[in-house]
Amino acid sequence: MGDNKLHVLKGIDAHIREGELVSIMGSSGSGKSTLLNILGILDNYDSGEYLLNNTLVKDLSETKAAHYRNQFIGFVFQSFNLVSFKNAMENVALPLYYKGISRKKRNLMALEYLDKMGLRNWAEHMPNELSGGQKQRVAIARALITQPKVILADEPTGALDSVTSLEVMNILKDVNRQGITVIIVTHEKDISEMTQRVIRLRDGVIEN
Amino acid sequence: MFDLDKWEEIFSSIGKNKLRTFLTAFSVFWGIFMLIILLGAGNGLENGLKNEFSNDAINTIWVYSGATTMPHNGMKPGRHVQFTNADIEEIKRTVPGVVHISTQTNIYGEKQINYKNNQGAFEIRASYPGHRHIEKLEILEGRFINDADIMAFRKVTALSKSVKAALFKEEDAIGKYIRINNIPVKVVGIFDDSGGEKGRQQLYLPITTAQKVFSMQNRIDNFMMTINTTSLEESNAIVEKIRAKVAERHNFAIEDQGAVFISNKIKELKKYTNIFDGVNIFIWIIGIGTIIAGIVGVSNIMTIVVKERTKEIGIRKALGATPFSVVSLIVQEAIIITSVAGYFGLVAGVGLLEAVAKNVPPAPFFDRPEVDIMIAVYATILLVVAGTLAGIFPAMKAAQIKPVVALRDE
Ligand SMILES: Nc1ncnc2c1ncn2[C@@H]1O[C@H](COP(=O)(O)OP(=O)(O)O)[C@@H](O)[C@H]1O
Ligand SMILES: [Mg+2]
């Protein structure tokens, strides 16, 4: 915004290996989301280097960034971010549209992924007909359908009750067991305790 | 490039956002529809105007006698001006530019017109042969009255198609005799009057014959002529010469407007074409205004649409949509909606005009409200292109927003 630069992150030095299940912890406003958005190439950074799969990700064109997101990254958001006028199956299938996969094939795959989430019977339902936990499972199915290298989840349980939160965390752990790197942003201790490694953020720097 | 999948994506988005689709579609539909109706109405006026004038030759001057309104050479006003055959001969001889000259003189009193047992009340016009050119009569059979008829006071007549039908039905009429007040008159021709006087029940007699048979001496009521120019100035000059000539012959003041009425059809037509040009310009201004309103409507809706879809765009980008795919999704949606709506506007507008043209009989000054289909098509294309352009800029802007910003949008 204009020339007023706000330095949210002030020197992050971290390495996350392939196949890890990592959580980023910190109080509200500590820069967790900002960091995750940079990892997901949804946001830019001013200085430093970010290597994804050994490729430097810096000042990419939007087209190139779109490519990387589609190929390597799956997102799970606190507010689900489903497309409101598409049903569950179409939402899950959407990333495959940008991969150029035919409608028939991608809808079949979407049903398969919804099945894995136990939502086969909800495929034709619109997002506003689903509960929070169901929405988040649809979102996870959508994140997984492109078989990404990394799942980035920003407070995936933030809008869910504790039982549903546990369900979602179990799904994410399952995903990780299949070899996909999972990075979860959270400010809840019990969520971070379910991950292998915790990166603690305070005022834009890593604690330890 | 035809990408079925992209179309499916677009159609699903159109189908699931019905209000937005309807609003865009309606503003385009209405713009095109109104434009076509307006242009059609304009053409209807123009056709009607042409009809009003096409029944007679346009380059004509009509002279009617009146009564004097000014004292002149010691004579009191209120004197009736009576034309005679000599007036016609004199005008023809002395006024350059006059081509065909004739009269349309009434025969007073009761007239019985019959053939065998068929009879009817028809209008008898006592005229000169040149009348054919003034009224643009089309000879269907035989001939019109000619100079020889005039010279020899022949009892001959030319019948309009409808008089012939009334008196003779299917029977051949040429060479047969009808009776006017029991006087036998030979039918020499059958004609049809073009334009507005189509179907009029009238028959023509040579003026000289009529004057003799009906004891009219050399009275004529009026005279009219075609002239060899269509220019307004030249025709006005001829009018002035005629006025001077008639004033001199009938001894009234040349500036006495009541003594004769002279109608210059070229001038009348000019008056109407001026009005019509004004109406036409007015219609185009409204039409262009309608189109602009349509364009503004579409741009507004597109701007709102893009704003409304910012979050969706953010989601799509997070899932791997390139800026190009985002722009093309929105723009193609706009193209489809505006084209389809424009097409329906076109069909509805043209359909309504055709229904009007078919079911509403021609009225004075209004006939065949048709529209040049190419103009309608161009207007539709213009609106589609404008709608597209209106969509492109906000779409491009939205496609360049960082996903993190777009996703934050609520
Ligand atoms: N769009 C923005 N404009 C201004 N400040 C922002 C914006 N987004 C985030 N910030 C600020 O950056 C800091 C870190 O934000 P964020 O990464 O969202 O924190 P967290 O996710 O850890 O709660 C906060 O102080 C927040 O106020
Ligand atoms: Mg946050």
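Which residues are linked with B:Arg309 in a network of salt bridges? In this predicted model, the network comprises B:Arg309, B:Glu312, B:Arg316 and B:Glu333. Side chains of opposite charge can pair when their charged atoms come close. Over all chains, a search of the whole structure finds 23 salt bridges.

One of the salt bridges joins the side chains of A:Glu20 and A:Arg197, with an N to O distance of 2.9 Å. The two partners are 177 residues apart and link distant parts of the chain: A:Glu20 belongs to the segment before β1 (21-26) of chain A, and A:Arg197 to strand β7 (residues 197-202) of chain A. A:Glu20 has a relative accessibility of 9% and therefore counts as buried, whereas A:Arg197, with a relative accessible area of 26%, is partly exposed.

A salt bridge is also formed between the side chains of A:Asp43 and B:Lys402, at 2.8 Å from N to O. This pair joins two chains, because A:Asp43 lies in the loop between α1 (32-39) and β2 (51-52) of chain A, while B:Lys402 lies in the loop between α12 (373-400) and α13 (403-408) of chain B. A:Asp43 counts as buried at 15% relative accessibility; B:Lys402 is partly exposed, its relative accessible area being 30%. In the salt bridge between A:Arg69 and A:Glu62, the N to O distance is 3.3 Å, and both of these residues are buried.

Chain A contains an open sheet of six strands in the order β4-β5-β6-β1-β7-β8, with mixed pairing. Its edge strands, each of which pairs on one side only, are β4 (73-76) and β8 (205-206) of chain A. Strands β1(A) and β7(A) run parallel and are joined by five bridges. Within this pair of strands, A:Arg197 in β7(A) stands opposite A:Val22. Helix α2 (residues 62-72) of chain A packs on the sheet, where it touches β4 and β5 (150-154) of chain A; the direction of the helix makes about 80 degrees with that of β4(A).

In chain B, helix α9 (residues 265-308) has 44 residues. From its first C-alpha to its last, α9 of chain B reaches 63 Å, close to the 64 Å expected at 1.5 Å a residue. At the start of α9(B), a side-chain oxygen of B:Asn264 comes to within 3.1 Å of the backbone nitrogen of B:Ile266.

Note on methods: Residues numbered from 1 in each chain as written. Chains lettered and ligands numbered in written order. Predicted model: local features only at pLDDT ≥ 70, side-chain atom pairs only at ≥ 80, totals over all residues. Heavy atoms only, no water. Salt bridge = Lys/Arg side-chain N within 4 Å of Asp/Glu carboxyl O. Helix = DSSP H or I, 4+ residues; strand = E, 2+ residues; numbered from the N terminus. Buried < 20%, exposed > 50% of the residue type's maximum accessible area, 1.4 Å probe, protein only. Expected span 1.5 Å × (residues − 1). Polar contact = N/O pair within 3.5 Å; in protein donor to acceptor, adjacent residues only side chain to side chain. Pairing = 2+ DSSP bridges. Contact = heavy atoms within 4.5 Å. Axes fitted to C-alpha atoms, helices over the stretch in contact; angles between N-to-C directions.
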